[in-house]
Amino acid sequence: MFKKPVIQLENVNHYFGKGTLQRQVLFDVSLEILEGEIVIMTGPSGSGKTTLLTLIGGLRSPQAGSLQVLNQQMLGASTGEMVKVRRYIGYIFQAHNLLKSLTARQNVQMSLDLHNFPPEKSAEKAAEMLTAVGLGTHIDYYPENLSGGQKQRVAIARALVSHPKLVLADEPTAALDKKSGRDVVEVMQRLAKEQGCTILMVTHDNRILDVADRLIHMEDGRLARDAVLSA
């Protein structure tokens with residue numbers, strides 16, 4: 001079956017600073033990621049991974065080159081157009097960014113509220129998603145009463161509950177031990193495959209590379225390697 005591209009980059013360049021302080025951080029990056037793919041991006045600190053992720057996620061405006069996400073050209077896109085794209089993207093960060101004053105269920109419900117999900121059904125939907133990530137007995141726990149791995153599972157539930165077309169994850173296992181890190185990534189992998197969404201994950205964690213369909217590697221702001229993993 002023919003798969004459509006979810007992300008298309010062509011000769012993307014990016015700079016920080018202005019004038020004599022201007023520094024180029026991305027150099028002619030071209031990349032295509034198809035629907036349903038799980039792609040892991042690796043590379044040393046300062047290689048441009050997070051910058052690229054924020055451009056794809058509509059959290060930063062592209063400056064040069066072509067960048068299409070979910071059929072929207074992001075170069076020159078209006079604020080409204082970028083917000084529309086972000087509604088179809090789930091974000092997972094190293095810092096889970098849960099609100100401490102809300103329970104696990106309420107943290108997940110926030111995502112549903114942002115997507116105008118019927119309020120009378122959001123509590124049930126959030127509980128279902130938390131059960132799917134293995135937290136069925138911790139639905140009404142506050143973050144302070146959850147382990148690091150459990151907090152990251154809540155973050156995954158929050159990102160995936162609205163059935164995004166694309167999930168962007170930045171070092172989601174960095175603060176976790178080997179088993180917890182493996183567990184949360186396998187949860188992401190399983191739910192993404194069930195929902196048919198695409199995952200682009202930045203990581204330094206070599207222990208989880210095998211969950212990917214493709215590995216891409218950044219060096220000094222350039223795409224140095226793009227390898228499809230055999231099944």
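Two strands count as paired if DSSP finds at least two bridges between them. With that in mind, welcome to this structure: strand β3 (residues 38-42) and β9 run parallel and are joined by four bridges. Helices (H or I, at least four residues) and strands (E, at least two) are DSSP runs, numbered from the N terminus. This is a predicted model, in which local features need pLDDT of at least 70, side-chain atom pairs count only at pLDDT 80 or more, and totals for chains, interfaces and linings use all residues. Residues are numbered from 1 along each chain as its sequence is written, and side-chain values use heavy atoms, with hydrogens and water left out.

**The six-stranded sheet**

- Six strands make an open sheet with mixed pairing, in the order β6-β7-β8-β3-β9-β10.
- β6 (89-93) and β10 stand at the edges with a single partner strand each, so one side of each has no neighbour in the sheet.
- From one strand to the next, the twist averages 15°; axes here are lines fitted to C-alpha atoms, for helices over the stretch in contact, and angles run from 0 to 180 degrees between N-to-C directions.
- Strand β7 (residues 166-170) pairs with strand β8 (residues 198-202) in the parallel sense over five bridges, and the bridge partner of A169 in β8 is M201.
- Helix α1 (residues 49-56) lies across β3, β6, β7, β8 and β9, and runs at about 155° to β7.
- α5 also packs on this sheet, touching β6 and β7, and its direction makes about 165° with that of β6; contact means heavy atoms within 4.5 Å.

**A look at strand β9**

- Five of the six residues of strand β9 (residues 214-219) are buried, so the strand is largely enclosed by the rest of the structure; buried means under 20% relative accessible area, exposed over 50%, and partly exposed in between (1.4 Å probe, protein chains only).
- H217 in β9 is the bridge partner of T42.
- β9 and strand β10 (residues 222-228) run antiparallel and are joined by six bridges; the bridge partner of I216 in β10 is D226.
- The hairpin of β9 and β10 has two residues between the strands, and D220 there takes a positive phi near 50°.

**The four-stranded sheet**

- Four strands form another open sheet, ordered β2-β1-β4-β5, with antiparallel pairing.
- At its edges stand β2 (23-34) and β5 (72-73), each with a single partner strand, so one side of each is left without a neighbour in the sheet.
- Two bridges pair strand β4 (residues 64-69) with β5 in the antiparallel sense, and V69 stands opposite Q72 in β5.
- α1 packs on this sheet, touching β1 (5-16), β2 and β4, with its direction at about 125° to that of β1.

**Helix pairs**

- The axes of helix α5 (residues 148-160) and helix α6 (residues 178-195) come within 10 Å and cross at roughly 15°.
- The two helices α5 and α6 are therefore roughly parallel to each other (angles under 35 degrees count as roughly parallel, over 145 as roughly antiparallel, 65 to 115 as roughly perpendicular and the rest as oblique).
- Residues making this contact include I156 and L160 of α5 and V184 and L191 of α6.
- Helix α3 (residues 104-114) and helix α4 (residues 119-132) pack at an angle of about 115°, their axes 9 Å apart.
- Among the residues in the contact of α3 with α4 are V108 and L112 of α3 and A126 and L130 of α4.
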